[in-house]
Amino acid sequence: MKYFIVTYGCQMNVHESEKLAAICERMGYSLAEKREDAELIIFNTCAIREGAEDRVFGNVGALKKLKKKKPNIIIAVCGCMTQKETTANHIMRTFPFVDIVIGTFNLPNFEYYVNAVKKGRQLEILQEGDIDETVPYKRTSGENAWVNIMQGCNNFCTYCIVPYVRGREKSRSEENILKEIREVVAEGKYKKITLLGQNVNSYGKDLVPAVSFAQLLRDICAIPGDFKLWFMTSHPKDLTDDVIDVIASEEKILKDIHLPAQSGNNRILNLMNRRYTREKYLGIIKKIREKIPNCRITSDFIVGFPTETEEEFQDTMSLVDEVKYDSIFAFMYSPREGTVASRMDGQVPQEIKQRRVNELLALEKKIQKQEGKK
């Protein structure tokens, strides 16, 4: 028996697919080179942008012929997209050949759902629970080892679906994180360890006693071994001086910070519920440049947020020009059902969003050419 996993979205999804792969191999499946050769096909989905959902629908629909040819094949759709009950039900109605539709918090129990398929189709969406520490990972990212330090998000940015599909922030115990990293280092084949969380700077606030993210970084760096440490993603409102100091002082930590700004305009930042201003953000950048002169800085931006004017978009352009990032990711605002922004008046026309994102990416390319950045 063989399995095949299709992963959409962020690094967290990639890491969770490593957990799904471990579960599949524990059940006796081996990895197929292509989906047509598999007896078990899994789509691990993303709900952040509409385009990602459309790709899932297209790829799942394309399996209808394969299901007719191989009726015993098991098709599963899981992850963030199917944590939304309306989307999960839509998949069950539209693609009756799909066997398993489960939410984000069901993933650790994936073996149960596979074994239950013979009893009928499975649709279940659990609400958030404790972080599962029992399922291992089949690491598939070369010399990089992903290590999840927390799940969920408490920020409720008005454009973002993450708190609704990933739940509230829950930190793993520092003891378990350090144990996993010691095991990874002992294997001797991973040169880079990447810490994952929707907002890593909030790590440990919910633990008793509390553990700061800066302290976690120090304790990881104290583990003997030849490895580099990185993390993502940081929220500007929570990036403290202590964290910047640790990055500056610890040789094992890569001098590379991904710090999403999303907009360069204060009114838009307030509508987004980002809880910082352009001025505060630039103050953080200044501290990073002063304490870590060689630091690589990257960012995310959303253009065409509801009611964004041309002048406000130019504020984003000027922020990018001022900071001169090493790289940026720019996205057109995509309404997500259930978020505050999806119900806002003043939705920006698609053609304007497209023009703005093109202008922003063109500016990034110009800056990189001028600065010789890679």
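# Aromatic rings, cysteines and strands

Colleague: One aromatic cluster is made up of Phe-57, Phe-95 and Phe-97. How many aromatic pairs does the structure hold?

Modeller: This is a predicted model, in which local features need pLDDT of at least 70 and side-chain atom pairs pLDDT 80 or more, while totals for chains, interfaces and linings use all residues. Residues are numbered from 1 along each chain as its sequence is written, and side-chain values use heavy atoms, without hydrogens and water. Rings of Phe, Tyr and Trp (its six-membered ring) pair if their centres lie within 6.5 Å; planes under 30 degrees apart are stacked, over 60 edge-to-face and the rest tilted. The number of aromatic pairs in the structure is 9.

Colleague: What is the geometry of the pair formed by Tyr-112 and Tyr-113?

Modeller: The ring centres of Tyr-112 and Tyr-113 are 5.0 Å apart. Their planes stand at 75° to each other, and the pair is edge-to-face.

Colleague: Is Tyr-113 buried or exposed?

Modeller: Buried means under 20% relative accessible area, exposed over 50%, and partly exposed in between (1.4 Å probe, protein chains only). Tyr-112, at 52% relative accessibility, is exposed. Tyr-113 has a relative accessible area of 3%, so it is buried.

Colleague: Why is the pair of Phe-305 and Tyr-333 classed as it is?

Modeller: The centres of the Phe-305 and Tyr-333 rings are 5.4 Å apart. Their planes are at 70°, so the pair is edge-to-face.

Colleague: How many residues apart are Phe-305 and Tyr-333?

Modeller: Helices (H or I, at least four residues) and strands (E, at least two) are DSSP runs, numbered from the N terminus. Phe-305 sits in the loop between β13 (296-303) and α12 (310-323), and Tyr-333 in the loop between β14 (327-332) and α13 (350-371). Both Phe-305 and Tyr-333 are buried. The pair links distant parts of the chain, and its separation in residues is 28.

Colleague: Which residue of β14 is the bridge partner of Val-303?

Modeller: Strands pair if DSSP finds at least two bridges between them. β13 and β14 run parallel and pair over 6 bridges. Across from Val-303, the partner in β14 is Met-332.

Colleague: How many disulfides are there?

Modeller: A disulfide needs two cysteine sulfur atoms within 2.5 Å. The sulfur closest to that of Cys-46 belongs to Cys-80 and is 6.2 Å away, so it is too far for a bond. Cys-157 is in no disulfide either, with the nearest cysteine sulfur, in Cys-160, 6.1 Å away. The number of disulfides in the structure is 0.

Colleague: What is the relative accessible area of Cys-157?

Modeller: Cys-46 is buried at 9% relative accessibility. Cys-157 is buried as well, and its relative accessible area is 9%.

Colleague: Which are the edge strands of the open sheet of 6 strands?

Modeller: The strand order is β2-β1-β3-β4-β5-β6, with parallel pairing. Two strands pair on one side only, and these edge strands are β2 (30-31) and β6 (122-124).

Colleague: Which residue of β2 is the bridge partner of Tyr-3?

Modeller: Strand β1 (residues 2-7) runs parallel to β2 and is joined to it by 2 bridges. The bridge partner of Tyr-3 in β2 is Leu-31.

Colleague: How many residues of strand β10 (residues 192-196) are buried?

Modeller: Strand β7 (residues 144-148) runs parallel to β10 with 5 bridges, and Asn-144 is opposite Lys-192. Strand β11 (residues 228-232) is also parallel to β10 with 5 bridges, and Leu-195 has Phe-231 as its bridge partner. β10 is largely enclosed by the rest of the structure, because its buried residues are 4 of the 5.
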